[in-house]
Amino acid sequence: MQKKVIFKGAVLPYLLLAPQLLITGIFFFWPAGQAIYQSFLREDAFGLSVEFVGFENFLDVVRDQTWLDSAGRTLLFSGSVAVLALGSALFLAVQADKHIRGADVYKTLLIWPYAVAPAIAAVLWLFMFHPNIGLFGRMLNGLGIPWDYRLNGNQAMLMVIMASAWKQVSYNFIFFLAGLQSIPRAVLEAAAIDGAKPARRFWTIIFPLLSPTAFFLLVVNLVYAFFDTFGVIHSLTHGGPGKATETLIYRVYTDGVINLNLGSSSAQSVILMLLVVALTVIQFRYVERKVHY
Amino acid sequence: MSVTTDATALAERTRRRQFREKIVTHVCLLAGILIFVFPIYLTLIGSTHDVNTIGRGDVPLLPGAEAVANYTQAWGAGGGRYMGTPAGTMLANSLIMALCIAVGKIAISLTSAYAVVFFRFPLRMVFFWLIFITLMLPVEVRIIPTFQVMVDLGLTNTMAGLVIPLIASATATLLFRQFFLTIPDEYVEAAKIDGAGPIRFFIDVVLPLSRTNIAALFVILFIYGWNQYLWPLLIVNDRSLETVVVGLTKMIGTGDQQNEWNVIMATAVFALLPPVAVVVFMQRWFVKGLTETEK
């Protein structure tokens, strides 16, 4: 798209674009290129020599059972976070969309958690479920349920899922609510007059009309669960106990920053980049096709 | 006679059913809110008790008397097993970082969108796509190489290093481009007739028109900046540049029972307050900005 009436200028437009392009070039394209370049190289243990190894880093990553385990764990984690966060947000949005007294107050009270950083959400859950100092953690132990997410891998996974989903609900809520408000009242009223019960109205009218929003949110939630939950995992479990909560992004961090294995870490980064690209492409294609229902 | 009684009975039944449905809705919403408010409530309560009460695990559900002491210690001295960075310093760092990121992103996105929309020049669309593609490159997937670039440029452990790499913004550029395209051509023509150049037009017409969009983006970007985690964790190990979100989790460490939990909770409240306040007070712009930028 282009305006018909424009200004003339040979240098000015480039000057206006320069800051954005410089930052993008130095901090996005250069490092991304480096990641791709390094993913084909291998350094010896002392960093003295570098050799080109082709796709070997990638093959090593994909053949590594612990990486495959991380990938499986990431799928379980991301799927659970997305389902929990989307499900509860949709439920709450449907309730808040009804004509009831205090609807605005309810909306405000459900929107603010958007401002909570993932890492802070993790800290709040730690205060509740710490086995020694947390209210619920102690309660569980008091009831005879051995609860310590620092020792039990499944409990650790449950904790990071809950904290991550908790933080994401308000974001989904905002979008579902906006989606619900854009559904024409007349359609719903016509269905009601025809005798469709609320549940039927929801599944045959509201839900299909919300599906573009839901799909968009699904992609956003998956990206959130893949990347932004690093803060949750880092502050709550550090990927442990063992590797019980080590997701792919956490592994890039440990392999690159802690273990300084650049080749492997870069290869993993490139795999994740491809994943983001795929998700973004799917999203744009789907949105373009589906948005004018 | 019987028709009217039937009608009254039906109306009565409907009213009762609607009343029941309303109660159910209220209960569901209240339960939802409880799940979100309770963790904060517990943290607030925890921050008003002394270290031993929490360490024993006997956190009461009502506030204690140590609020002033805890918040003073958190603000001025910090806590944790090792004396952490004072929350005052960390909050100042977070505030500077969040403000610089929000203002910076808005500024360079405004100018680049202006260039793409109101000028025609070689490589225009190439530049636009270069900016657009960065949507697909979150910091997290290019951690190590970006860190190396920072080391090469000597930007580690500096505020500039915290801020500048995060300033590039595809979403903000897209939003402003979208909005600029809706500015009528007549405005540009009128400006040209009046002898106003592109810079004049930008300052006197485009900026005032973009006010609401800028406000909406500001809220979202401020929170984005405040909540950064991985980036500060990588770039900064100098205590005096610690941001509060990272500093807080460093105070917790491995979650040892012996931590000064009361001070940690007070710091958590400090870390939560500014972004939550921004969302609550600027809710209208925030919701508009969010649903319009990302869709």
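Helices here are DSSP runs of H or I with at least four residues, numbered from the N terminus. The model is predicted.

**Exercise 1. Place B:Leu62 in chain B, then find the patch that includes B:Leu62**.

Solution. 
- Step 1. Look between helix 2 (51–56) and helix 3 (67–76) of chain B: the loop there holds B:Leu62.
- Step 2. Assign the patch to elements. Helix 4 (103–111) of chain A and helix 1 (2–46) of chain B each give two or more residues.

**Exercise 2. Describe the contact between chain A and chain B by residues and by buried area**.

Solution. 
- Step 1. Count residues with heavy atoms within 4.5 Å. Chain A supplies 91 and chain B supplies 110.
- Step 2. Take the area. About 9400 Å² is buried between the two chains, and carbon and sulfur atoms give 76% of that.
- Step 3. Pick out the top residues of chain A. A:Lys3, A:Phe7 and A:Phe27 lose the most area to chain B, together 10% of what that side buries.

**Exercise 3. State which polar links join chain A and chain B, and what the chain A side is made of**.

Solution. 
- Step 1. Check for salt bridges between the chains: the count is 0.
- Step 2. Check polar contacts. There are 11 residue pairs, both residues at pLDDT 80 or more.
- Step 3. Find the main element. Helix 1 (residues 12–38) of chain A gives the most to this side, with 20 residues.
- Step 4. Sort the side by class. It has 63 nonpolar, 20 polar and 8 charged residues.

Methods. Residues are numbered from 1 along each chain as its sequence is written. Chains are lettered from A and ligands numbered from 1 in the order in which they are written. This is a predicted model: local features need pLDDT of at least 70, side-chain atom pairs count only at pLDDT 80 or more; totals for chains, interfaces and linings use all residues. Side-chain values use heavy atoms; hydrogens and water are left out. Buried area is the accessible area (1.4 Å probe) that two parts lose on being put together, summed over both. A salt bridge is a side-chain nitrogen of Lys or Arg within 4 Å of a carboxyl oxygen of Asp or Glu. A polar contact is a pair of N or O atoms within 3.5 Å; within protein, one must be able to donate a hydrogen and the other to accept it, and residues adjacent in sequence count only if both atoms are side-chain atoms. Ala, Val, Leu, Ile, Met, Phe, Trp, Tyr, Cys and Pro count as nonpolar, Asp, Glu, Lys and Arg as charged, and the others, Gly among them, as polar. Patches are made of residues with over 30% relative accessible area and no salt bridge: like charges are joined within 9 Å, nonpolar side chains (Val, Leu, Ile, Met, Phe, Trp, Tyr) within 5 Å. Accessible areas come from the Shrake-Rupley method with a 1.4 Å probe; for residues, only the protein chains shown count as cover.
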